[in-house]
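Hi,

Here is the structure I promised to pass on. Have a look at it first, and then read my notes below.

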Amino acid sequence: MPKIANQDLTTVQQGQFVTGKNATMQSDAVKKFMKSMEEVLTVQELGQNQNQNVHPPTQVSIGSMDNALNCFMDNYVLLRKTEVNGISGHICDNCLSFQFQYIKEIGLDLTAGEKHQCLASMVNEANSLQYKTIKEDDIRIKAYEFLVILANSIFMGKQHLVVNSKLSTAHARSLHAPLIKFDSITPNDWPWMPITKETIALDDKGLKNYIGLMGASTYALILSERGAYFGYHLMYMEREAVNR
Ligand SMILES: [Zn+2]
């Protein structure tokens, strides 16, 4: 992943930060912003890069509010949280990268997995690792943790896992979502409970659990090929409705 090239610039930025010139002027809102930038950076350190044509912000490039804002404006698009209805993540075991995508329309927007393309250089690098599976597990753990932070940030407050089992087969097949197939769904399979209940409240542990089960995403299409719950079930997390 590209690192910031200009060492002098880095030194100056860090110097400013250490003198406290900016630190003393930081309001809570600014601190919150800087914190969220750091969380974005944590994931970028995993090796994923949304746009290969821009230099992603790196830890060292953040140091002053100006830099943080410039980084932000250069690399991100502002979106209302209420416009985001899901998060799609993808962990590639071929190039060992993680990337995510904010989803506005579940089923219509392409998933992170569909958008992902392996970079040959990263595939080579991954294959040259002595402990590839350990590295993959490490990426997976960090990715799930990060997705929980993102989901909490997007859905704010209480979250639910909702299941729609009324989709027509044709409609379900046209959806862009991680597809998880079961021969049949029994009470021992994890989708049984959410499908039976249709809506379940999620705590942080449940959130992380289901993000992992749904393929690093806040939604998935579950297919049961036979049995009691034969057919397609669209499962997705949503924020608790304010007016209910
Ligand atoms: Zn890949």
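Which residues does Y210 touch, not counting residues up to four places away in sequence? Y210 touches L161 and L202, where touching means that the C-beta atoms, placed from the backbone, lie within 7 Å.

Before the rest, some housekeeping. This is a predicted model, in which local features need pLDDT of at least 70 and side-chain atom pairs count only at pLDDT 80 or more, while totals for chains, interfaces and linings use all residues. Residues are numbered from 1 along each chain as its sequence is written.

The overview: the protein has 9 helices and 7 strands (DSSP runs numbered from the N terminus, with helices being H or I of at least four residues and strands E of at least two). Buried residues make up 27% of its 244 residues. For burial, the count is of other C-beta atoms within 10 Å of a residue's own, again placed from the backbone: 20 or more is buried, 12 or fewer is exposed, and in between is partly exposed. Of the contacts between residues at least 6 apart in sequence, 71% join residues at least 24 apart.

Back to Y210, which is found in helix α9. Y210 is buried, because 24 other C-beta atoms lie within 10 Å. Along the sequence Y210 and M237 are 27 residues apart, yet their C-alpha atoms are 9.1 Å apart in space.

Now for α6, the helix made of residues 132-155. The buried residues in α6 are I139, A143, F146, L147, L150, A151, I154 and F155. As a reminder, an α-helix has 3.6 residues a turn, so residues three or four places apart point the same way. Just after α6, M156 takes a positive phi of about 40°.

How do α6 and α9 pack? α9 covers residues 204-213, and the two helices pack at an angle of about 120° with their axes 9 Å apart. Here the axes are lines fitted to C-alpha atoms over the stretch in contact, and angles run from 0 to 180 degrees between N-to-C directions. That makes α6 oblique to α9, since under 35 degrees counts as roughly parallel, over 145 as roughly antiparallel, 65 to 115 as roughly perpendicular, and the rest as oblique. From α6, Y144, L147, V148 and A151 meet D204, L207, K208, I211 and G212 in α9. By class, this contact has 6 nonpolar, 1 polar and 2 charged residues (Ala, Val, Leu, Ile, Met, Phe, Trp, Tyr, Cys and Pro are nonpolar, Asp, Glu, Lys and Arg charged, and the others, Gly among them, polar).

Two loop residues are worth a look too. Most residues other than glycine have a negative phi. L96, not a glycine, has a positive phi of about 50°, and sits in the loop between β1 (86-92) and β2 (97-103). L96 is buried, with 22 other C-beta atoms within 10 Å. A216, also not a glycine, has a positive phi of about 60°. A216 is in the loop between α9 and β6 (219-226) and counts as buried, with 25 C-beta neighbours inside 10 Å.

Finally, A120 belongs to helix α5 (residues 120-127). Is A120 buried or exposed? A120 is exposed, because 8 other C-beta atoms lie within 10 Å.

Cheers

Conventions
Expected span 1.5 Å × (residues − 1). Contact = placed C-beta atoms within 7 Å.
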